[in-house]
Structure formats: structure tokens, C-alpha cells
Amino acid sequence: MAKILFVISILIAFSSSLFAQEKSGSKAVEFMSCRDSLLIKEYHNLVGPSDMDFQVLIVTNHDTGKKLGCMKIEKSNGSETFSGTIDYEEIDACIKSIDYVKTTIMTAAPKVYSEASFRTLDGVSFSAFYVEKNKRWSAGFNIVENNYRSGITLDLATLETLKNAFVVAKSKIEELLK
């Protein structure tokens with residue numbers, strides 16, 4: 001009987017860890033998970049790379065009057081929809097990372113395999129890596145970290161479009177939170 005209880009308790013512990021969701025750490029995600037308050041969400045469309053939807057999201061807690069702004073990004077692949085947020089405080093780092101990758105990293109062939117990556121608190125990620133076989137850099141942007149179905153491949157022109165979406169989002173959030 002003790003062995004059965006022991007096995008059951010291990011199965012319960014193991015299954016609960018399998019289904020436990022990782023907290024994102026994002027201020028926007030945390031703010032939107034607020035209970036016992038009326039949250040008002042305003043979505044403002046942005047222009048970004050064509051395979052994804054980019055928006056500025058302003059969330060207002062009606063009860064406290066507190067407001068928060070972030071970027072919301074979505075991509076649909078038929079039956080799957082991926083969604084991620086980028087906190088306002090992370091936007092500058094995204095812009096700087098894209099600029100650095102574009103102007104410094106992707107301008108020369110590395111001597112050894114190299115990659116660069118940036119990850120937001122909610123798991124939205126941007127990466128670049130050198131493809132030795134093709135002798136060129138490749139870049140990607142994923143809404144869900146390490147999930148290629150949630151992402152797009154970026155060339156230099158698309159990198160600039162992505163950067164511009166971040167620049168416009170930052171400005172729009174500042175304007176709307178005044």
C-alpha cells in the first residue's frame with residue numbers, strides 16, 4: 001500500500017510539473033492578468049513585416065486608473081495563432097539589438113560559427129546566425145521562443161521594417177500614455 005501511495009504521489013508531482021505554465025515575467029502580461037478589476041484594452045495597428053500583425057496595446061485598469069502600454073504581436077498559421085507582448089521598457093533594447101545585428105554582425109563573415117539573440121520577458125525572440133553552407137547570415141523573429149512556426153525569416157529590408165515598427169510603437173505608446 002505504501003508503494004502504491006508513493007507511486008501515485010510521484011505521478012501527481014510529475015504531471016503537475018508537466019502542465020505548470022512558466023510565468024512570463026512581462027509587466028504587461030502581469031498587468032493584464034489582474035483579477036477583480038475592469039480592464040479596458042485599446043489596440044492600435046502598426047505596420048510591420050507582412051506575415052505578422054503588430055499593434056500598440058494600451059491597457060487601463062478602470063478601478064485604479066493605472067495605464068500600461070506595450071506591443072502586441074500575432075501570427076496565424078491556419079489553425080494556430082501565436083501571440084506575444086513586448087513591454088514598453090524593452091522596446092529600446094529591441095531597437096538597439098536590431099541595429100547592432102544589422103550594422104555590425106551581419107556585415108562580415110565570422111571565423112567560427114556565430115549567432116546573436118535577444119529575448120523579451122514574454123519570450124518574443126530575435127536571432128541571427130551565420131549559415132556556413134550559404135556563406136551568409138540569416139535572421140529570424142519568433143513570437144514564441146524556439147518555435148519556428150511562430151516566426152518569420154528576416155532579410156535586411158525586413159529587419160528595417162521590424163525596427164521601424166518598434167520605433168513607431170515606442171512613440172505611439174508615449175503619446176497615448178500622456
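1. Before anything else, a term: buried means under 20% relative accessible area, exposed means over 50%, and partly exposed sits in between (1.4 Å probe, protein chains only). Helices (H or I, at least four residues) and strands (E, at least two) are DSSP runs, numbered from the N terminus. With that settled, look at strand 5 (residues 115-119): A116 and F118 make up its covered face, while E115, S117 and R119 are on the uncovered one.

2. A word on provenance. This is a predicted model, where local features need pLDDT of at least 70 and side-chain atom pairs count only at pLDDT 80 or more, although totals for chains, interfaces and linings use all residues. Residues are numbered from 1 along each chain as its sequence is written, and side-chain values use heavy atoms, with hydrogens and water left out.

3. Back to strand 5, and what it pairs with. Two strands count as paired if DSSP finds at least two bridges between them. Strand 5 and strand 6 are antiparallel partners over five bridges, and S117 has S127 in strand 6 as its bridge partner. The hairpin they form has five residues between the strands, and G123 there takes a positive phi near 95°.

4. Contact here means heavy atoms within 4.5 Å. Setting aside neighbours within four places in sequence, S125 is in contact with F118 and R119, and also with G140, F141, N142 and E145.

5. A pair of rings is described by the distance of the centres and the angle of the planes. Rings of Phe, Tyr and Trp (its six-membered ring) pair if their centres lie within 6.5 Å; planes under 30 degrees apart are stacked, over 60 edge-to-face, and the rest tilted. The structure has three aromatic pairs. In one of them, the ring centres of F54 and F141 are 6.3 Å apart with planes at 25°, so the pair is stacked. F54 sits in strand 2 (residues 53-61) and F141 in strand 7 (residues 136-142), so this pair ties together parts 87 residues apart in sequence. Both F54 and F141 are buried.

6. What geometry do F141 and F166 adopt as an aromatic pair? They are edge-to-face, at 6.3 Å centre to centre and 70° between the planes. F141 is in strand 7 and F166 in helix 4, so parts 25 residues apart in sequence are tied together. F166 is buried, as is F141. Ring pairs join F54, F141 and F166 into a cluster.

7. A nonpolar core is a set of buried Ala, Val, Leu, Ile, Met, Phe, Trp, Tyr and Cys residues joined through side-chain atoms within 4.5 Å. The largest one has 34 residues, and F54, F141 and F166 have the most contacts inside it. Not counting residues up to four places away in sequence, F166 touches M71, I86, I91, C94, I95, I98 and F141.

8. Now the charges. Side chains of opposite charge can pair when their charged atoms come close. A salt bridge is a side-chain nitrogen of Lys or Arg within 4 Å of a carboxyl oxygen of Asp or Glu. A search of the whole structure turns up ten salt bridges. One of them joins K27 and E89, at 3.9 Å from N to O. K27 is in helix 2 (residues 27-32) and E89 in helix 3 (residues 88-105), so the pair ties together parts 62 residues apart in sequence. K27 is partly exposed at 47%.

9. K170 and D92 also meet in a salt bridge, 3.8 Å from N to O. With K170 in helix 4 (residues 156-176) and D92 in helix 3, parts 78 residues apart in sequence are tied together. D92 is partly exposed at 37%.

10. E74 and K72 form a salt bridge as well, with their closest N and O atoms 3.6 Å apart. E74 is partly exposed at 28%, whereas K72 is buried at 14%. Separately, D99, K102, E160 and K163 are linked in a salt-bridge network.

11. Which cysteine is buried and which partly exposed, C34 or C94? C34 is partly exposed at 30%, and C94 is buried at 5%. Zero disulfides (cysteine sulfur atoms within 2.5 Å) are found in the whole structure.
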